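Reader: I'd like a close look at one part of this model, the aromatic pairs. Could you walk me through them?

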Amino acid sequence: MVLRLGPAHTVADCLLATPSLGDLTIDDLADRAARGEIVDADGRRVGLDDPARMNTSVYLYRDLPDETSIPFDLPILYRDDAIVVVDKPHFLATMPRGRHVTQTALVRLRRELGSDLVSPAHRLDRLTAGVLLFTLRPDVRSAYQALFAERRADKEYRALAPVRADLIDPVTISNRIEKTAGDLRARVVDGEANASSTIALLDQTVSGGIYRLQPHTGRTHQLRMHMAQLGVGIVGDPLYPDIRPDLAELPDHGDFTQPLRLVAHSLGFDDPLTGERREFVSGRSVA
């Protein structure tokens, strides 16, 4: 939950005066503050007695009573004093949004590492697994986020989908993708292309074809849409090419038996602080 502080005397005053938090007492807030669940926009802990400032955001992480536990580990692939790289499982959101709060990679990492300064440098869809990078200090955050904003990070995905033999030769698909708030699916619309991916069939297994996907842009659901447009929708995709009829019974309700077979397989970049080449590879398989 994100709160805009108003003209009260302290942070506690503002929180207690917020209608949506009417069930929380000062003792509840004190417990949450002690656990580091009340922070500012940079992830720093906020004290309840701190003076409230106009137009300042405070983030309050709450345990939602209906939030489903995600029963998969979040292995750490690498850590130094600036970044931590994890191998995100399917179904775990990158950061809090909507009904997903504590069951997110960001909150898990902040609790595991005991630091409210952990922040994602980029994001993966909740249904996508694989390599995900977080920063550990505010002073390095913008440098690592710029790698992704400026497309200087090399990202490669793996997907399981029906075999289309002619895709042994890589094909690049480009179009314009837009997603409207409230719509489950993104759409291809007329206009200048803003989404581009290169896709190739790497191997054939008894379960289907294993594809290499290289996104050149980062639109929502881009890879899933491009695979569906090539006639090889990713196994386990509840939205593309068509909305699955049983969607209402899927992950939010505790059914983890049909993961999207899409993994952020590798991430490479020249470190913005040291210039060193870094390469990270997921241990997860799509087969």
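Is phenylalanine 91 buried or exposed, and why?

Author: Phenylalanine 91 counts as buried because its relative accessibility is 3%; buried means under 20% relative accessible area, exposed over 50%, and partly exposed in between, with a 1.4 Å probe and protein chains only. Before going on, keep in mind that this is a predicted model, where local features need pLDDT of at least 70, side-chain atom pairs count only at pLDDT 80 or more, and totals for chains, interfaces and linings use all residues. Residues are numbered from 1 along each chain as its sequence is written, and side-chain values use heavy atoms, with hydrogens and water left out.

Now the rings. Those of Phe, Tyr and Trp (its six-membered ring) pair if their centres lie within 6.5 Å; planes under 30 degrees apart count as stacked, over 60 as edge-to-face and the rest as tilted. By this rule there are 6 aromatic pairs. One of them joins phenylalanine 72 and phenylalanine 91: the centres are 6.2 Å apart and the planes sit at 25°, so the pair is stacked. Phenylalanine 72, at 30% relative accessibility, is partly exposed.

Then there's phenylalanine 269 with phenylalanine 280, a tilted pair at 6.1 Å centre to centre and 45° between the planes. Phenylalanine 269 is in strand β13 (residues 262-270) and phenylalanine 280 in strand β14 (residues 277-281), 11 residues apart; strands (E, at least two) and helices (H or I, at least four residues) are DSSP runs, numbered from the N terminus. Tyr144 is among the buried residues of α4.
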